[in-house]
Structure formats: C-alpha cells, structure tokens
Amino acid sequence: MSFFEENCPEMDRYLENSASDEPEILRKLRRETYLKTTQPHMISGYQQGRLLTIISKILQPSNILEIGTFTGYAALCMAEGLADNGKLTTLDINEDLAYIPRKYFAESGFSSKINFLIQDAKEFLKKSDEVYDLVFIDADKENYVEYFKLIKPRLKAGSVVMFDNVLWYGKVLEDNPKQTSTQKIKELNEMIAKDADFENLILPLRDGLNVLRRK
C-alpha cells in the first residue's frame, strides 16, 4: 500500500488519474488478484507498474530477471519494454497461486518471452551465469542482502536493479528494529548507498523502491 493511498486517498486518486492508462489485461489481473488472493496488497499496482514499464521501455532490455512473481503484474509491465529477441525470467515458490500468472502470461502478447519458474531464487542465481539488463526484486525481504550479493556479478555497466518495499511501512526509521525483515532491509539500503559500483535513489513510491544502476 502506498503512503498516499493510506493517508491521503484523494492524492492517490489524483496520481492515478494523471498517469497513462492501465492496459486492459493488467486491469483484469489486478481485479482478479483482489478477488482471489489473501494478500492483494502485494501486487505492484497501477502507479508502480507504469514506472516499471517506462524504465523497461527506456532500457529495452534483452534479459530481465524478476524475483517474486506473485500474480504476474510486474512481470507483464516490464515485458512491455523487452527487446524483440528479449526474455524475462520470473521466479516464485508459491505453486498455489501459479495458475493466475500462467493464465495471464498466456493471454498476453509476451507468452513466448516469459519464462515462469517455481524455484528458489538463491539456488537459481547460484547456478546461473546469465547477465541481466533489468532486475526487479520483490520477495522474501529477509534475503534481500543475499539477493544483492548474488545478483551483483550478474550485472553489466548500465544494468538497473530495483528492490521493492525498502521503506517497509516506515519501519526503516526504527533505531533498533526487532523484526529480522526490517533489519535486513535497512542493511540492504545502507549497503547499496555505500557501494561505489552503483548509483542509486530510493523513490517514495508506494512502500519505497530502491533504484540502482551499475556504473
């Protein structure tokens, strides 16, 4: 959930009304996510989805990696910017919800470009030698630091990585957080800011998006 959505819904509606139209397939997917899942707030959502699309279209990536498919909304947004011969690999471990992204990937115009795997992301990255142009990570916050370490060797100059939920509902302001996920998110943000190989900015969009570019 976004800050404005919770604290100033009028501004949230204004932001959505002032953004590009949401494609019909994404509108249907978002509605089904809210009807059929127990945690629909996990979806990237309209505003963040349009940002993912714009970044992907600017980069025109040949190889995208997503960690945390959920119902497939973010994957379809990023797929809009894929190069003609590009591919997107998206990973999740929730087999129970896999029928939703599979259905929408098949209905989209990107089915041949999307590789949806039910697989642990850490194990995948340890075995992969692929280099990625664009990476979106939105799963398993307690492993964010490990994901960063594993993905770094898979990037080239100009590659863009995005970590979602890096403000963690404001919990990153806690001095001594007890929750492991909060500790790890704070550690990740500090690690990225100090890493000379990247330039980054945290966007206060929804629950915070850390956008970093490999130099």
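Author: Let us begin with burial: a residue is called buried under 20% relative accessible area, exposed over 50%, and partly exposed in between, using a 1.4 Å probe and protein chains only. The structure is a predicted model, in which local features need pLDDT of at least 70, side-chain atom pairs count only at pLDDT 80 or more, and totals for chains, interfaces and linings use all residues. Residues are numbered from 1 along each chain as its sequence is written, and side-chain values use heavy atoms, with hydrogens and water left out.

Reader: Is Trp168 buried or exposed?

Author: Trp168 is buried, because its relative accessible area is 13%. Trp168 belongs to the loop between β5 and α9 (180-194); helices (H or I, at least four residues) and strands (E, at least two) are DSSP runs, numbered from the N terminus.

Reader: What is the phi of Trp168?

Author: Most residues other than glycine have a negative phi. Trp168, however, has a positive phi near 50°. Gln60 is also not a glycine, and has a positive phi of about 50°. Gln60 sits in the loop between α4 (46-59) and β1 (63-67), and counts as exposed because its relative accessible area is 54%.

Reader: In what order do the strands of the sheet lie?

Author: Strands of a sheet pair through backbone hydrogen bonds, either parallel or antiparallel. Pairing here requires that DSSP find at least two bridges between two strands. Seven strands form an open sheet with mixed pairing, in the order β3-β2-β1-β4-β5-β7-β6. Its edge strands, β3 (114-118) and β6 (198-203), each pair on one side only.

Reader: How many bridges join β2 and β3?

Author: Five bridges join β2 (residues 87-92) to β3, in the parallel sense. Thr90 stands opposite Phe116 in β3.

Reader: How many disulfides are counted?

Author: A disulfide is a covalent bond between the sulfur atoms of two cysteines. The criterion is a pair of cysteine sulfur atoms within 2.5 Å, and by this rule the count is zero. As for individual cysteines, Cys77 is buried because its relative accessibility is 0%, whereas Cys8 is partly exposed because its relative accessible area is 28%.

Reader: Where does Arg154 lie?

Author: Arg154 lies in the loop between α8 (144-151) and β5 (155-164). With a relative accessible area of 17%, Arg154 is buried. Arg154 and Leu125 are 29 residues apart in sequence, and their C-alpha atoms are 8.6 Å apart in space.
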